[in-house]
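This report describes one protein model for a reader who is new to structural analysis. Please keep the sequence and the structure in view while reading.

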Amino acid sequence: AFVDANPTTATVNLDIVNGNVLADFSLRGPTPAPLADLQKPNITGPGVNILAVTTDPTGYGLLSGTSMSSPHLAGLAALFK
């Protein structure tokens, strides 16, 4: 609503921290036998402290996990295609 009411003056300040780092809770592979090559990060996406819509009273919050990185990768794949 604020952006709609102030389309020419609305701004957003974002802090970008620690880019290009695989999350510590992600698997790095390769996995030792007998499960070798079943899981490894062929491609990774941002998944730590992603600003997202939440049920928080402010409407936004920081979330982490693969559910936060997959939309970024899907969007990037769509742009490449």
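## Surface and overall fold

The model is predicted. Of the 81 residues in the protein, 12% are buried.

The protein has two helices and two strands. Along the sequence, these elements follow the pattern α-β-β-α. When contacts between residues at least 6 apart in sequence are considered, 17% of them join residues at least 24 apart.

## The two strands

How do strand 1 and strand 2 pair, in the parallel or the antiparallel sense? Their pairing is antiparallel and extends over four bridges. Within this arrangement, Val 53 stands opposite Tyr 60 of strand 2.

The hairpin formed by strand 1 and strand 2 has six residues between the strands. In this hairpin, Gly 59 takes a positive phi near 95°.

Which residues make the nonpolar surface patch of about 710 Å²? The patch is made by Val 12, Leu 14, Leu 51, Val 53, Tyr 60 and Leu 62. Two elements give two or more residues to this patch, namely strand 1, which covers residues 50–53, and strand 2, which covers residues 60–63. Val 53 and Tyr 60, both members of the patch, are also the residues that stand opposite each other in the strand pair.

One of the patch residues, Leu 62, lies in strand 2. Leu 62 counts as exposed because its relative accessibility is 54%, and the cut-off for an exposed residue is over 50%.

Ile 50 belongs to strand 1. Is Ile 50 buried or exposed? Ile 50 counts as buried because its relative accessibility is 14%, and a buried residue is one under 20%.

What does Ile 50 touch, leaving aside its neighbours within four places in sequence? Its contacts are Gly 61, Leu 62, Leu 63, Met 68 and His 72. Ile 50 and Ser 64 are 14 residues apart along the chain, and their C-alpha atoms are separated by 6.2 Å.

## Strands in general

How values were computed:
Residues are numbered from 1 along each chain as its sequence is written. This is a predicted model: local features need pLDDT of at least 70, side-chain atom pairs count only at pLDDT 80 or more; totals for chains, interfaces and linings use all residues. Side-chain values use heavy atoms; hydrogens and water are left out. Patches are made of residues with over 30% relative accessible area and no salt bridge: like charges are joined within 9 Å, nonpolar side chains (Val, Leu, Ile, Met, Phe, Trp, Tyr) within 5 Å. Accessible areas come from the Shrake-Rupley method with a 1.4 Å probe; for residues, only the protein chains shown count as cover. A salt bridge is a side-chain nitrogen of Lys or Arg within 4 Å of a carboxyl oxygen of Asp or Glu. Buried means under 20% relative accessible area, exposed over 50%, partly exposed in between (1.4 Å probe, protein chains only). Contact means heavy atoms within 4.5 Å. Two strands pair if DSSP finds at least two bridges between them.
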